[in-house]
Amino acid sequence: MFLSDGCGAMIANMDVTVLGGGIGGLACACALAQRGARVRVLEQAPALQEVGAGIQISANGLAVLRALGLEPAFLARSTGNGAVELRQGQNGARLIRMAMDPGAFRFVHRADMIDILAEGARAAGVTVETGRRVAAVNLESSGARLDFADGTGETVPLLVAADGVRSVVRPVIDGVATPFFTGQVAWRALIPGTEGAPEARVYVGPGRHLVRYPLAGRGVINLVGVEERAEWAEETWHSPADPAQFRAAFAGFCDGVQRDLALVDQVHLWGLFRHRVAETWHRGQVALLGDAAHPTLPFMAQGANLALEDAWVLADCLAQRPVDQALPMYQEKRRARVARAIAAANDNARNYHLSKWWQVGPAHTALRMLDRVAPSAMVRKFDWLYRHDVTA
């Protein structure tokens, strides 16, 4: 496994508490423990588990897994993505096919990703405590006071808040901010199937699009359909919904989509909200990480990847500097990049859902032309995002 030169000098034997047993929290715990810290992860759920859904790990996230020594386990449980193909939703006609490096862009089931990180963290000596829901956090000169839902409490010397979009810590660090509903919801489902090439297809239409890609190791296909609508939905992907409503939302799409939707027997609905990137990521002995600092819309598939980057950078900063210098250093290294990535995701939310004839015609014509002359240009446009390596 990769560790920085002189790593651990500042953090060796330091007690660190990580709040949240998701991708960012477990990756950070692993990175800290490998540098010699004594790390404990507090997870509010009764077990480390995730609702069934696929995620995409790009080269920037894979670089962190490689540095943590987890790349072999990840490759064994993920599927390489050979291409992203955009198609018209109504008739299935191809607009553009962008070849991808399957070694650098991969699909994985979220539960498998959690298992890989949890195994790596435990191997590094991390303790994971489940069923530990924190109801309130207060800053103290000696660290952070955690008040648990069961009425108990304790003070921890250094807290990493990786507790997600509903973080109980972020308001303490950055103040209260109200997100706004984007007018979009995401349907998430898994259907049985292994047919076809290991690639992503994106079917685009007025006010909606549907993404399809395989999770070959599990023998299923991941479906994510995004629909514009006025009706509000809860901001969580754990909310069960009616498969018939999912099918109705994409009733005008092509036969291939209809065959997929006919196989859906369970679906979850997720309301898409836009949050501002936190202005302040740290205060005292507490730092924010991942969605707690910067929730993102899913249109660049970067939520998990940005959390992995955060995890590595925070651990590296703490290994190099005293805490009062390391936490500002971490924010300085991360905030501008994260804000740029989230802005790109916001732009894609508009690009996928063009509805006016004077928008759709020219846009689709341009994609077809690009498909003939330089289909890789759209991928190279985002090299600054996908090819960045925070471990270098």
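In which strand is Leu-86 found? Select residues 83–88: this is strand 5, and Leu-86 is found there. The model is predicted, so local features need pLDDT of at least 70 and side-chain atom pairs count only at pLDDT 80 or more, while totals for chains, interfaces and linings use all residues. Residues are numbered from 1 along each chain as its sequence is written, and side-chain values use heavy atoms, with hydrogens and water left out. Strands (E, at least two residues) and helices (H or I, at least four) are DSSP runs numbered from the N terminus.

Keep Leu-86 selected. Leu-86 counts as buried because its relative accessibility is 8%; buried means under 20% relative accessible area, exposed over 50%, and partly exposed in between, with a 1.4 Å probe and protein chains only. Contact means heavy atoms within 4.5 Å. Neighbours within four places in sequence aside, Leu-86 is in contact with Ala-93, Arg-94, Leu-95, Ile-96, Met-98, Val-202 and Leu-367.

Next, select helix 1, residues 23–34. Its 12 residues reach 17 Å from first C-alpha to last, close to the 16 Å expected at 1.5 Å a residue; the expected span is 1.5 Å times one less than the number of residues. Of its 12 residues, 12 are buried, including Cys-28 and Cys-30. Just after helix 1, Gly-36 takes a positive phi of about 105°.

Now display the aromatic side chains. Rings of Phe, Tyr and Trp (its six-membered ring) pair if their centres lie within 6.5 Å; planes under 30 degrees apart count as stacked, over 60 as edge-to-face and the rest as tilted. The structure holds 8 aromatic pairs. One of them, Phe-105 with Tyr-386, is edge-to-face, at 5.2 Å centre to centre and 80° between the planes. This pair links distant parts of the chain, 281 residues apart: Phe-105 is in the loop between strand 6 (94–99) and strand 7 (106–109), and Tyr-386 is in helix 12 (residues 383–386).

Phe-107 and Tyr-213 form a stacked pair, 4.2 Å centre to centre with 15° between the planes. Phe-107 lies in strand 7 and Tyr-213 in strand 15 (residues 208–215), so the pair ties together parts 106 residues apart in sequence. Both Phe-107 and Tyr-213 are buried.

Finally, select two arginines. The charged end of Arg-132 sits over the ring of Phe-148, 4.0 Å from its centre; this requires CZ of Arg, or NZ of Lys, within 6 Å of the ring centre and within 35 degrees of the ring normal. Arg-340 lies over the face of Trp-384, at 3.8 Å from the ring centre.
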